[in-house]
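These are my notebook entries on a protein structure. I looked up its open spaces, its sheet, its ligand and some backbone angles.

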Amino acid sequence: MSQPKYVGKMEWPVAVQIGKGLEGAITSETEIGYVDGEKGWLVYRGYNIFELAENSTFEETTYLLLYGKLPTQKELDEFKQKLVSYREIPGEVIDTLRKVPKTTHPMAALETGIGMLGCLDPDADKCTMESETEISFKLIAQMATVAGAIGRLRQGKEPVDPDPTLEHTANYLYMTTGKKPDELMEKVMDVAMILHADHGMNNSTFTTMCIHSTLSDMYSAIVGGIGSLKGPLHGGANEQALAVLLKLKDEEDATRYVKDCIANKKKIMGFGHRVYKAYDPRAKVLGKFSQDVTEKKGMGHLYRIAKRIEDEVIAAYGEKGIFPNVDFYSGTVYYAFGIEPAMFTPIFAVSRISGWCARVLEYFRDNRIFRPRAMYVGPRDLTYVPMDKR
Ligand code: CMC
């Protein structure tokens, strides 16, 4: 059978400037949020994060991210009621999670649980604005329930049913620990959830948008986002940062650790950022919480070790724009509240689901498939070599 023959000379691409890791690339227009890396500002829908951390709640901030405005009391009540109505997850999801080995990282288990939720949702593939919006509400509510069940099962305990009388963050903590949080824990953790809810075109947000831009379903997009967030260069850094702190005895040990990292060009987890070249505002809030909460829980040494690392890193790398990021102090706060380190990144996902959904829905309104190109630098003009001649 004859086939078309390649004739003529191939045109090869000319070298172009590449922003490695898509540095400097702008994916789309957005009204949702903004990061000013030079000033160290984070803005959701026009509101500075400090304003929201001081005054808002996770549910209200989620409403703001989704709808673009602060809700009236009636709107907030209805929104919260909707989330509460979606908290329970099908028994099949729990059955699936029971089969996940206890050695599996909770973020991988979360991918499995959310994937199973998608398998069970008859509306998963409708892909209309209405269906994707409703699935977003479900996922914002159910990410917490799935994460809570994972936290329990990995400790050999039974999942705890959601409590409709509790606020979203309190209910999540209750489903994870089996105990209702006290006022301090509920407040601090709710602010942590506000701080993590959205953050510009970060890797996991881009991943969710990228997947959904193919008109794949919302569940697949969110499973992809969880996979991205799991990585230690992204959300997984909170667990890694605490692991380092737990190995250090005191402040002198911390100084030795930083000097060793500098001498051996090792990255220090919880520091540095693609966009921030100033102090991450989220780390400012969490650093203060870390100081207060660790002190109250008799773990003040953890904060002091962390602060010494911060001082040493800023002295060495501050001029290069390397400061603590959101993942440096968060783990000390969670740990002081008795949450096990493997469950730190799931907390991030339980919060970031709001930003993922808001941005997927925003992009979906005027969707175009993401399809960048790569600069080909491989061999050129080769002729096929038959097997016996290789
Ligand atoms: N410790 C020491 N040096 C660092 C660090 C760090 N944590 N981060 C960046 N640098 C140095 C890096 O060695 C490089 O130096 P040089 O120019 O001399 O080669 C320069 O800063 C630029 O680093 P990069 O890795 O090219 O920067 P990036 O924009 O590609 O990566 C990052 C950003 C966040 C992945 C990186 O800073 C990092 O690996 N940090 C540690 C992991 C971490 O804390 N991640 C959480 C990020 S914030 C929350 C989130 O998004 O989840």
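I began with the terms: on a 1 Å grid over the protein atoms alone, a pocket is an open set of points with protein on both sides within 12 Å along at least five of seven lines, whereas a cavity is a set of points where a 1.4 Å probe fits but cannot get out; lining residues have an atom within 4 Å of a point. Grid points are joined across faces, edges and corners, and a volume is the space filled by probe spheres set on the points.

I noted that this is a predicted model, in which local features need pLDDT of at least 70 and side-chain atom pairs count only at pLDDT 80 or more, while totals for chains, interfaces and linings use all residues. Residues are numbered from 1 along each chain as its sequence is written, and side-chain values use heavy atoms, with hydrogens and water left out.

**Entry 1: pocket and cavity**

I found a volume of about 1800 Å³ for the largest pocket. I then listed those of its 48 lining residues that are closest to the centre: Asn202, Asn203, His273, Arg274 and Val275. I sorted the lining into 19 nonpolar, 17 polar and 12 charged residues; here Ala, Val, Leu, Ile, Met, Phe, Trp, Tyr, Cys and Pro count as nonpolar, Asp, Glu, Lys and Arg as charged, and the others, Gly among them, as polar. At least two lining residues come from each of strand 1 (33–36), helix 9 (203–212), helix 15 (326–336) and helix 16 (344–364). Helices (H or I, at least four residues) and strands (E, at least two) are DSSP runs, numbered from the N terminus.

I counted 1 cavity of 30 Å³ or more. The residues that line the largest cavity include His273, Tyr276, Asp280 and Phe323. That lining divides into 4 nonpolar, 4 polar and 1 charged.

I traced an open sheet of 3 strands in the order 1-2-3, with antiparallel pairing; two strands pair if DSSP finds at least two bridges between them. Which strands stand at the edges? Strand 1 and strand 3 (47–48) do, each with a single partner strand, so one side of each is left without a neighbour in the sheet.

Strand 1 and strand 2 (residues 41–44) pair over 4 bridges, and glycine 33 has tyrosine 44 as its bridge partner. These two strands form a hairpin with 4 residues between them, where glycine 40 in the turn has a positive phi of about 75°. Strand 2 and strand 3 pair over 2 bridges, with tyrosine 47 as the bridge partner of tyrosine 44. In their hairpin, which has 2 residues between the strands, arginine 45 takes a positive phi near 50°.

**Entry 2: the ligand**

I looked next at polar contacts, pairs of N or O atoms within 3.5 Å. An oxygen atom of the ligand lies 2.8 Å from a backbone N or O atom of glycine 270. A polar backbone atom of phenylalanine 271 is 2.8 Å from a nitrogen atom of the ligand. The side chain of aspartate 327 has an N or O atom 3.4 Å from an oxygen atom of the ligand. Taken alone, the ligand exposes 930 Å², of which the protein buries 69%; these areas come from the Shrake-Rupley method with a 1.4 Å probe.

**Entry 3: positive phi angles**

Most residues other than glycine have a negative phi. I noted cysteine 127, which has a positive phi of about 55° and sits in the loop between helix 5 (106–120) and helix 6 (129–153). I also noted aspartate 381, with a positive phi of about 50°, in the segment after helix 16.

Terms used. A polar contact is a pair of N or O atoms within 3.5 Å; within protein, one must be able to donate a hydrogen and the other to accept it, and residues adjacent in sequence count only if both atoms are side-chain atoms.
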